[in-house]
Amino acid sequence: MKLRLNIDPDIVAMMAAEVAAGERAVTAAMREAGTGLKSAWRLQITGAGLGPRLANSIRSQNFPRSGESLDTAALVWSKAPVIVGAHDTGPLIRSKNGFWLAIPLPAAGKSLRGGRITPGEWERRRGLRLRFVYRRTGPSLLVAEGRLNTKGQAVVSRSKTGRGKVTAPIFLLVPQVKLPKRLDLARDADRALDSVPGLIVANWVERRFDQ
């Protein structure tokens, strides 16, 4: 017995069209899911009061970068992963050398490099020495003898009589700090993942009706 199989060119064309439709649907679905997750994470960050600059560190990209594929993947990430990750997990932060964490108070001012100023930078910039004050019932302090300027920051006193001179608390010293968890990135990631099948179907059906 011999069997002869003839493949209709129309069937081949239909199969190729279905594959192409699938590639378009998957690519569009992953792009929507990735963009949606990026927006959700950015909204979380601004909603937590962490500012638009950190929110804009969230980026998304489809792979492959061009063309359409059934294997399309979406990557969503942050350009500031350490900061975002810390607010997402709420870690316990300890001093690297096992001693104290120095938390600047308003009289310390800000670092010239951005972020929190360190005791070493503060002494170099202000020309004052910090003095350790131990407290049994609360955080210990680093204080300085000087005056407060119009911004409430401690500076060198030029008064010969000592008028206006104060002992200003500059840093709080604590052994560790528990950073509060302010984000739940996994929640939005799970929602984006769950939405993918529906997005693929919606884009596939939409393409069919558009043709």
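**Exercise 1. Classify the exposure of R191 and trace its salt bridges.**

Solution. Step 1: R191 has a relative accessible area of 53% and is therefore exposed; the classes are buried (under 20% relative accessible area), exposed (over 50%) and partly exposed (in between), with a 1.4 Å probe and protein chains only. The model is predicted: local features need pLDDT of at least 70 and side-chain atom pairs count only at pLDDT 80 or more, while totals for chains, interfaces and linings use all residues. Residues are numbered from 1 along each chain as its sequence is written, and side-chain values use heavy atoms, with hydrogens and water left out.

Step 1: R191 forms a salt bridge with D188, with 3.8 Å between the closest N and O atoms. A salt bridge here is a side-chain nitrogen of Lys or Arg within 4 Å of a carboxyl oxygen of Asp or Glu.

Step 2: Both residues belong to helix α5 (residues 185–210), where they are three residues apart, about one turn of the helix. Helices (H or I, at least four residues) and strands (E, at least two) are DSSP runs, numbered from the N terminus. An α-helix has 3.6 residues a turn, so residues three or four places apart point the same way.

Step 3: D188 also forms a salt bridge with R187, at 3.5 Å between the closest N and O atoms. D188 is buried at 8% relative accessible area, and R187 is partly exposed at 35%. Shared partners join R187, D188 and R191 into one network of salt bridges.

**Exercise 2. Describe the salt bridge between E123 and R129 and the exposure of each partner.**

Solution. Step 1: The N to O distance in this salt bridge is 3.6 Å. Step 2: E123 is partly exposed, with 21% relative accessibility, whereas R129 is exposed, with 67%. Step 3: The salt bridge count comes to six.
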